[in-house]
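Here is a short briefing for a reader meeting this structure for the first time. Take a look at the model, then follow the points below.

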Amino acid sequence: MSEGISQPDQPQAIEGEGKDLFSKFDDVIALREGLLSSGQEDPFNLVMEKVLSPTRAICNGRDTILLGTYNYMGMTFDPDVVEAGKQALADFGTGTTGSRVLNGTYQGHKEVEQALMDFYEMDHAMVFSTGYQANLGIISTIAGKGDYIVLDIDSHASIWDGCALGQAEVVPFKHNDIEAMEKRLKRIPEGAGKLVILEGVYSMLGDVAPLKEMVAVAKKYGAMVLVDEAHSMGFIGDNGRGVVEDAGVIDDVDFIIGTFSKSVGTVGGFCVSNHPKFEIMRLVCRPYVFTASLPPSVVATACTSIRKLMHGSNKRAHLWENSKALHKGLKDLGFKLGTEEPQSAIIAVIMPDLQQGAAMWEALIQGGLYVNLARPPATPANMTLLRCSLCAEHSEEEVGEILSIFEKAGKQVGII
Amino acid sequence: MDRAEVDTKIRSLIEPFNKKGVAIKDETTFQNDLEFDSLTVMDFVAEIEDEFDIIISMNQQAEIENYGQLVDAVTKLQAD
């Protein structure tokens with residue numbers, strides 16, 4: 001009884017060699033072989049030979065529109081951002097070869113942390129080498145043995161792994177269910193440390209959490225609140241600070257986790273906070289200490305990108321237009337979508353099953369459109385999804401083109 | 001509530017989740033015999049938690065493989 005990761009079979013004994021530790025993957029191997037044996041193009045082995053822009057690439061030899069890259073604000077080819085990276089590469093070299101707490105803090109790392117403090121108007125910012133490590137590090141370090149973590153059942157893998165690493169008592173509640181969350185908080189023994197973990201936008205269906213109500217309930221029971229805003233930064237909220245800003249609860253939240261690998265357009269993760277003792281995390285957080293810091297070119301591009309995102313209101317408005325147009329277009333074509341109304345830059349198209357989902361994915365890629373195929377156990381309710389993430393650089397014409405590729409593929413596969 | 005009473009309560013709670021009508025014994029496992037997936041587990045655990053006003057954390061759930069272990073755990077938790 002645990003999270004939905006596929007459970008191992010009884011390992012088979014191999015004569016003379018003991019157990020093959022890989023036999024636990026036999027189910028996954030069989031599933032994959034079954035899918036590919038029909039001649040299906042592999043959805044998890046795509047190669048981009050050339051990237052032409054934030055919205056176009058040559059994938060498996062074809063000119064392809066990118067609709068599954070989380071490159072929400074299209075910063076990856078911004079001339080200022082690219083130039084900052086080149087300059088840092090020339091001035092500081094290819095890498096730091098060290099931990100942030102030893103030789104791995106350069107001027108650029110301090111500058112990107114300052115950019116984050118300015119972006120969120122918060123007192124502290126700590127940059128990790130990836131978004132995964134930011135969740136892993138912060139959660140496992142602040143919630144330890146004897147503490148309680150109350151979290152949404154649809155939380156991202158990096159959150160679950162952070163919970164497991166810290167050995168706190170983990171108490172999940174039904175997705176976005178305020179009452180279920182409150183019941184669990186109420187039952188936690190008096191005096192125990194409490195952390196509530198929520199996400200602004202849930203990446204599988206692209207739906208938003210009712211943060212106004214949930215954060216209020218968490219505070220009522222004296223819990224600290226951590227919100228992962230990976231999929232909303234730069235886009236949701238008047239200043240792009242995320243759903244916490246849009247819901248008016250940013251001052252009640254203790255920690256915001258984010259990433260550079262989506263709207264910011266490079267790689268890295270971070271946590272911002274107003275907690276007065278926050279800086280001690282730099283010494284006690286193992287996923288921060290025991291890894292090399294980001295290369296100077298990466299922090300330079302991130303810093304420039306974050307500062308440009310502060311003035312991105314026109315781009316934000318265009319991204320909303322794209323999201324609404326795609327949602328309406330797909331709905332009108334007869335596709336089943338993850339949300340009734342567009343709530344973010346993610347539009348999830350629900351497939352009847354994995355076979356048809358994979359066939360649809362193939363028809364799309366052959367038609368020149370890349371989306372993410374998401375399948376169990378990563379998806380809620382064991383759904384197969386074609387996940388579309390829009391970019392502020394998609395033109396109105398491209399959204400029209402996307403819809404006609406969807407229409408053709410949907411009819412070919414027989415889904416619409 | 002003693003173990004027998006807890007057993008009776010959980011037996012009635014498990015019914016709607018026992019789609020195949022498996023005969024429930026103490027040795028009946030949730031994963032193999034009842035074929036509960038992660039969503040079923042979450043809903044079933046939530047029902048028990050609400051009924052007995054307890055928390056069964058995922059750490060505790062990891063230790064519970066069969067029906068008898070669940071009844072033991074709930075008996076202990078609701079007595080605390």
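Start with helix H13 (residues 354–366) of chain A: this helix lies across E15, E17 and E18 of chain A. Its direction is at about 35° to E18(A). The model is a predicted one.

**The three-stranded sheet**

- E15, E18 and E17 of chain A form an open sheet of 3 strands, in the order E15-E18-E17.
- The pairing in this sheet is antiparallel.
- Strand E15 (346–351) and strand E17 (372–374) of chain A are the edge strands, and each pairs on one side only.
- From one strand to the next, the twist averages 25°.
- E15(A) and strand E18 (residues 384–389) of chain A run antiparallel and are joined by 6 bridges.
- Met351(A) has Thr384(A) in E18(A) as its bridge partner.
- Another helix, H12 (residues 313–333) of chain A, lies across E15 and E18 of chain A.
- H12(A) runs at about 15° to E15(A).

**The seven-stranded sheet**

- A further open sheet in chain A has 7 strands, in the order E6-E14-E13-E12-E9-E7-E8.
- Its pairing is mixed.
- Strand E6 (124–128) and E8 of chain A stand at the edges with a single partner strand each, so one side of each has no neighbour in the sheet.
- The twist here averages 20° from one strand to the next.
- In general, strands of a sheet pair through backbone hydrogen bonds, in either the parallel or the antiparallel sense.

- Strand E12 (residues 224–228) of chain A has 4 of its 5 residues buried, so it is largely enclosed by the rest of the structure.
- E12(A) pairs with E9(A) in the parallel sense over 5 bridges.
- Within that pair, Leu226(A) in E12(A) is the bridge partner of Ile197(A).
- E12(A) also pairs with strand E13 (residues 255–259) of chain A, in the parallel sense, over 3 bridges.
- There, Asp228(A) stands opposite Ile257(A) in E13(A).
- E7(A) and E9(A) run parallel, joined by 4 bridges.
- Val150(A) has Val196(A) in E9(A) as its bridge partner.

**Helix H6 of chain A**

- Which residues of helix H6 (residues 178–187) of chain A are buried? They are Ala180(A), Met181(A), Arg184(A) and Leu185(A).
- These residues cover an arc of only 135° around the axis, which puts them on the same side of H6(A).
- An α-helix has 3.6 residues a turn, so residues three or four places apart point the same way.
- Glu179(A) and Lys186(A) are exposed, on the face of H6(A) turned away from its buried side.
- Within chain A, the buried residues of H6(A) pack against strand E7 (148–152), strand E8 (169–173), strand E9 (194–199) and helix H7 (211–220).
- They also pack against helix H2 (38–52) of chain B.

**Where the chains meet**

- In the contact between the chains, 18 residues of chain A touch 18 residues of chain B.
- E8 and H6 of chain A each supply at least two residues to the side of chain A that touches chain B.
- That side of chain A divides into 8 nonpolar, 4 polar and 6 charged residues.

**Chain A as a whole**

- Chain A has 14 helices and 18 strands.
- Its radius of gyration is 22 Å, close to the 22 Å that the globule rule gives for 416 residues, so chain A is as compact as a globular protein of that length.
- The C-alpha trace of chain A spans about 60 × 55 × 50 Å along its principal axes.
- Of the 416 residues in chain A, 51% are buried.
- Among contacts in chain A between residues at least 6 apart in sequence, 71% join residues at least 24 apart.

**Chain B as a whole**

- Chain B has 4 helices and 0 strands.
- From the N terminus on, its elements run α-α-α-α.
- A compact globule of 80 residues would have a radius of gyration near 12 Å, and the 11 Å of chain B agrees with this.
- The C-alpha atoms of chain B fill a box of roughly 35 × 25 × 20 Å, taken along the principal axes.
- Of the 80 residues in chain B, 26% are buried.
- Among contacts in chain B between residues at least 6 apart in sequence, 56% join residues at least 24 apart.

Technical notes: Residues numbered from 1 in each chain as written. Chains lettered and ligands numbered in written order. Predicted model: local features only at pLDDT ≥ 70, side-chain atom pairs only at ≥ 80, totals over all residues. Buried ≥ 20, exposed ≤ 12 C-beta atoms within 10 Å, placed from the backbone. Arc of directions from axis to C-beta. Contact = placed C-beta atoms within 7 Å. Nonpolar A, V, L, I, M, F, W, Y, C, P; charged D, E, K, R; others polar. Rg over C-alpha atoms; globule rule 2.2 N^0.38 Å. Pairing = 2+ DSSP bridges. Axes fitted to C-alpha atoms, helices over the stretch in contact; angles between N-to-C directions.
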